Amino acid sequence: MPKVSVIMGIYNTPSKEMLEKSIKSILNQSYTDFELIICDDGSINECFSWAKEICENDDRVIFLKNDKNKGLAYTLNYCLQKATGEYIARMDDDDISHLDRFDKQVSFLDNHPEIDVVGFRQKFFEAAHGYHITDFRFDKGDRIIDITKEHELLQLSAAASLIRREAIKDITFDEKLKYSEDAKFMTEVLFKRKKMKYGVIASSNYLYRKRRTRNSSIQTQTLNKNWYTLTLKEVYAFVIELSKK
């Protein structure tokens, strides 16, 4: 049984080169005790074949496939069902992880049983540069953040996190959502066990691609009415009620 399960959904990844950089940033990690679960979500291009070529002869990789496009949340939940690791990591098919990611994140969680989540900085590349707007969380270096005392310092990205599998249990990505599914999922993980703390590692990055073509779902979110309606109801209202409890 591997220590870490990495879950990755792929859907019409624009190029083999883009997909290869993403996958190789996992396969070439300095930490090697992991499985990589790749699920194709009914792509109509060749990205599933590309993924198999890129991972040829690497027995740490498990391939899954949806016959029809069912959405990222469904795909990630399908991967979670197959995951066997003590820790869960998520990886997007166009992003890049620094090669020391799991070395640092696994060590942090191993040394801090009082927390379930540790996060990396998110640094943009391609069509944008610099760090995510919430990067101020890392200003004080590697540490544990207590969100009951620093309310504005929530960890909303699952892709930049390593999560204790035990903390997830029956928590799933909300399949009704196309946006903010990470934020809802991570809030549940942080709140449900009432630990209310998580770790941050300031010395390494999760590289977040901003596509020049603006064809990823997150980059077109404000053009969809559900960003202003369904997201408010199913994410923000949900988080407020969970916070009250």
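Analyst: Start with contact, which means heavy atoms within 4.5 Å. This is a predicted model, in which local features need pLDDT of at least 70 and side-chain atom pairs count only at pLDDT 80 or more, while totals for chains, interfaces and linings use all residues. Residues are numbered from 1 along each chain as its sequence is written, and side-chain values use heavy atoms, with hydrogens and water left out.

User: Which residues is valine 4 in contact with, leaving aside its neighbours within four places in sequence?

Analyst: The list for valine 4 is Tyr31, Asp33, Phe34, Glu35, Gly85, Tyr87, Ala89, Phe102, Val106 and Leu162.

User: What makes a set of residues a nonpolar core?

Analyst: The members are buried Ala, Val, Leu, Ile, Met, Phe, Trp, Tyr and Cys residues, joined through side-chain atoms within 4.5 Å. Buried means under 20% relative accessible area; exposed means over 50%, and partly exposed lies in between (1.4 Å probe, protein chains only). The largest such core has 34 residues, and Val4, Val6, Ile23 and Leu36 touch the most other members. Several elements each supply at least two residues, among them strand E2 (34-41), helix H4 (101-111) and strand E9 (197-210). Helix H2 gives the most, five residues. A second, separate core has 31 residues, including Leu76, Phe185, Met186 and Met196.

User: How do you know what is a helix and what is a strand?

Analyst: Both are DSSP runs, numbered from the N terminus: helices (H or I) have at least four residues, strands (E) at least two.

User: Why is cysteine 55 called buried?

Analyst: Its relative accessibility is 3%, so cysteine 55 counts as buried. Cysteine 55 sits in the loop between H2 and strand E3 (61-66). Leaving aside neighbours within four places in sequence, cysteine 55 is in contact with Ile23, Leu27, Ile38, Val61 and Phe63.

User: Is lysine 194 buried or exposed?

Analyst: Exposed, because its relative accessible area is 66%. Lysine 194 lies in the loop between H6 and E9. Its phi is near 60°, a positive value in a residue other than glycine.

User: What makes proline 14 partly exposed?

Analyst: The relative accessible area of proline 14 is 40%, so it falls in the middle class. Proline 14 is in the loop between E1 and H1. Asparagine 12 is found in the loop between E1 and H1 too. The phi of asparagine 12 is near 50°, positive in a residue other than glycine.

User: Why is aspartate 41 called buried?

Analyst: Its relative accessible area is 4%, so the label is buried. Aspartate 41 is part of strand E2. Beyond neighbours within four places in sequence, its contacts include Ile10, Tyr11, Asn66 and Thr75.

User: How do you know that E4 pairs with E1?

Analyst: Two strands pair if DSSP finds at least two bridges between them. Strands E1 (residues 4-10) and E4 have four bridges, in the parallel sense. Isoleucine 7 stands opposite arginine 90 in E4. E4 also joins strand E8 (residues 161-164) by three bridges, and these two run antiparallel. There, isoleucine 88 has isoleucine 163 as its bridge partner.

User: What covers the two faces of strand E4, buried or exposed residues?

Analyst: Buried ones: Tyr87 and Ala89 are on one side of E4 (residues 87-90), Ile88 and Arg90 on the other. In a regular strand, side chains alternate between the two faces of the sheet.

User: Why is E6 called largely enclosed by the rest of the structure?

Analyst: Nine of the 10 residues of E6 are buried, so the rest of the structure largely encloses E6. E6 has nine bridges to E9, running parallel, and three to E8, running antiparallel. Glycine 119 is bridged to valine 200 in E9, and valine 117 to isoleucine 163 in E8.

User: Why are H6 and H7 called roughly parallel?

Analyst: Helix H6 (residues 181-192) and helix H7 (residues 230-244) pack at an angle of about 10°, with axes 10 Å apart. Axes are lines fitted to C-alpha atoms, for helices over the stretch in contact, and angles run from 0 to 180 degrees between N-to-C directions. Angles under 35 degrees count as roughly parallel, over 145 as roughly antiparallel, 65 to 115 as roughly perpendicular and the rest as oblique. H6 and H7 are therefore roughly parallel to each other. Among the residues making the contact are Phe191 of H6 and Phe238 of H7.
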